[in-house]
Amino acid sequence: MTEISTSRSLRFLLFFASVSLHFISGFCDDSTDSKNSSKTKSDMVNNTGAKVVLILLGLVAVGLFSFFLFKLWQKKKRDEQYARLLQLFEEDDELELELGLRD
């Protein structure tokens with residue numbers, strides 16, 4: 001179970017990293033015209049705005065990923081506690097036979 005979830009989370013992380021790299025490379029300004037001309041104030045504002053949007057998207061993605069991992073951890077702990085509870089109240093015939101309470 002944990003191997004499957006670890007594999008799934010690694011695949012999700014790899015997918016997220018590749019998508020984010022595609023977005024970052026799309027915002028890159030490699031045109032030859034921009035090298036020759038000086039940047040205006042509006043170009044700088046657009047560049048700063050794009051950086052802010054990327055940072056906010058990254059923070060949201062990290063927050064959602066952390067929330068997903070927390071919920072997965074909660075489910076695992078809940079399943080372990082439920083298994084302990086069942087083990088506590090299951091009837092143990094061997095113990096009764098050892099104590100001589102039942103033949």
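Helices here are DSSP runs of type H or I with at least four residues, numbered from the N terminus. By that count, this predicted model holds four helices and zero strands, and its order along the sequence reads α-α-α-α. The protein has 103 residues, of which buried residues make up 3%.

**Confidence**
- The mean pLDDT of the protein is 77, and 65% of the residues reach a score of at least 70.
- Among the elements, helix α3 (residues 41-89) has the highest mean pLDDT, at 90, while helix α2 (residues 32-36) has the lowest, at 51.
- Where pLDDT is low, the predicted coordinates should not be read in detail.

**Surface**
- The accessible surface of the protein amounts to about 9700 Å², and carbon and sulfur atoms account for 64% of that area.
- A nonpolar patch on the surface is formed by L10, F12, L13, F15 and F16, which together have about 510 Å² of accessible area.
- One of these patch residues, L13, belongs to helix α1, which covers residues 2-26.
- L13 counts as partly exposed because its relative accessibility is 43%, a value that falls between the 20% limit for buried residues and the 50% limit for exposed ones.

**Annotated span**
- An unreviewed UniProt entry places the feature "transmembrane region" at residues 52-70.

Definitions and conventions. Residues numbered from 1 in each chain as written. Predicted model: local features only at pLDDT ≥ 70, side-chain atom pairs only at ≥ 80, totals over all residues. Heavy atoms only, no water. Helix = DSSP H or I, 4+ residues; strand = E, 2+ residues; numbered from the N terminus. Buried < 20%, exposed > 50% of the residue type's maximum accessible area, 1.4 Å probe, protein only. Areas by Shrake-Rupley, 256 points an atom, 1.4 Å probe, with all protein chains shown as cover. Patch = residues over 30% accessible without salt bridge, like charges linked within 9 Å, V, L, I, M, F, W, Y side chains within 5 Å. Salt bridge = Lys/Arg side-chain N within 4 Å of Asp/Glu carboxyl O. UniProt positions renumbered as here; feature names shortened; annotations may be inferred. pLDDT = per-residue confidence, 0-100.
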